[in-house]
Amino acid sequence: MVARALAMTVLACFAAGCTPVQWQHASLGTAPSGAELNYCERSAYYEAQRQAFFGDFMRPRFAVGRDGRIYPVPFGYYHSYHDRFFLERELFDYCMRAKGYRLVPARPADRNG
């Protein structure tokens with residue numbers, strides 16, 4: 001009984017997290033043009049690549065060993081591919097918000113499906 005209630009709660013949380021959203025101008029209520037989306041995507045991509053490139057070579061990396069001592073991480077051991085993805089998404093969101101857009105739940109008529 002408790003397991004079933006927990007499972008239903010988890011499913012409800014996942015369903016609530018899947019609400020479709022869209023970018024909309026905060027004051028005008030309009031959707032962004034393809035040119036604005038492309039500009040922010042391109043700018044975010046190049047900036048994330050630039051930051052990741054210089055971050056990989058300029059920033060020393062360290063890890064705490066099992067004995068509690070701090071050890072340097074060898075070059076090439078750590079790849080920031082996943083960091084670049086998340087950084088690119090954050091930069092894209094920042095660009096869109098700077099242009100006056102915000103994420104809002106999509107209306108049923110606007111949803112693709």
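This is a predicted model: local features need pLDDT of at least 70, side-chain atom pairs count only at pLDDT 80 or more; totals for chains, interfaces and linings use all residues.

Across the protein the mean pLDDT is 78, with 65% of residues at 70 or more. The points below are grouped by topic.

**Layout**

- The protein holds three helices and four strands, and their order from the N terminus is α-β-α-β-β-α-β.
- The protein has 113 residues, of which 15% are buried.
- Of the contacts between residues at least 6 apart in sequence, 75% join residues at least 24 apart.

**Nonpolar core**

- Seven residues form the largest nonpolar core: Trp23, Cys40, Ala44, Phe92, Cys95, Met96 and Tyr101.
- Two helices, helix 2 (34-58) and helix 3 (81-98), each contribute at least two residues to this core.
- Helix 3 gives the largest share of the core, three residues.
- In general terms, nonpolar side chains of soluble globular proteins tend to be buried together.
- Which residues does methionine 96 contact, leaving aside its neighbours within four places in sequence? They are Trp23, Pro32, Glu36, Leu37, Cys40 and Tyr101.
- Trp23, Cys40 and Tyr101 from that contact list are also members of the core.

**Disulfide**

- The whole structure contains one disulfide, and its partners are cysteine 40 and cysteine 95, with an S to S distance of 2.1 Å.
- Cysteine 40 belongs to helix 2 and cysteine 95 to helix 3, so the bond ties together parts of the chain 55 residues apart in sequence.
- The S-S torsion is about -70 degrees, and the disulfide is therefore left-handed.
- Cysteine 40 and cysteine 95 are both buried, and both belong to the largest nonpolar core.

**Aromatic pairs**

- The number of aromatic pairs is three.
- One of them is an edge-to-face pair of tryptophan 23 and phenylalanine 92, with 6.0 Å between centres and 80 degrees between planes.
- This pair links distant parts of the chain, since tryptophan 23 sits in strand 1 (residues 21-25) and phenylalanine 92 in helix 3, 69 residues apart.
- Tryptophan 23 has a relative accessible area of 12%, under the 20% limit, so this residue counts as buried.
- Phenylalanine 92 is likewise buried, because its relative accessible area is 6%.
- Phenylalanine 85 and phenylalanine 86 have ring centres 5.2 Å apart and planes at 75 degrees, so they too make an edge-to-face pair.
- Is phenylalanine 85 buried or partly exposed? Its relative accessible area is 48%, so phenylalanine 85 is partly exposed.

**Histidine 25 and serine 27**

- Histidine 25 is in strand 1, and its relative accessibility of 16% makes this residue buried.
- What does the side chain of histidine 25 reach at 3.3 Å? The backbone nitrogen of serine 27 lies at that distance.
- A polar atom of the histidine 25 side chain also lies 3.3 Å from the backbone nitrogen of leucine 28.
- Leaving aside neighbours within four places in sequence, the contacts of histidine 25 are Thr30, Lys99, Gly100 and Tyr101.
- Serine 27 is located in the loop between strand 1 and helix 2, and its relative accessible area of 60% makes this residue exposed.
- Serine 27 is 73 residues from glycine 100 in sequence, while their C-alpha atoms are 7.6 Å apart.

**Asparagine 38**

- Asparagine 38 is part of helix 2.
- The relative accessible area of asparagine 38 is 44%, so this residue is partly exposed.
- From the C-alpha of asparagine 38 to that of phenylalanine 92 the distance is 9.9 Å, and the two residues are 54 apart in sequence.

Conventions. Residues are numbered from 1 along each chain as its sequence is written. Side-chain values use heavy atoms; hydrogens and water are left out. A nonpolar core is a set of buried Ala, Val, Leu, Ile, Met, Phe, Trp, Tyr and Cys residues joined through side-chain atoms within 4.5 Å. Buried means under 20% relative accessible area, exposed over 50%, partly exposed in between (1.4 Å probe, protein chains only). Contact means heavy atoms within 4.5 Å. Rings of Phe, Tyr and Trp (its six-membered ring) pair if their centres lie within 6.5 Å; planes under 30 degrees apart count as stacked, over 60 as edge-to-face and the rest as tilted. pLDDT is the predictor's confidence in each residue, from 0 to 100. A disulfide is a pair of cysteine sulfur atoms within 2.5 Å. A polar contact is a pair of N or O atoms within 3.5 Å; within protein, one must be able to donate a hydrogen and the other to accept it, and residues adjacent in sequence count only if both atoms are side-chain atoms.
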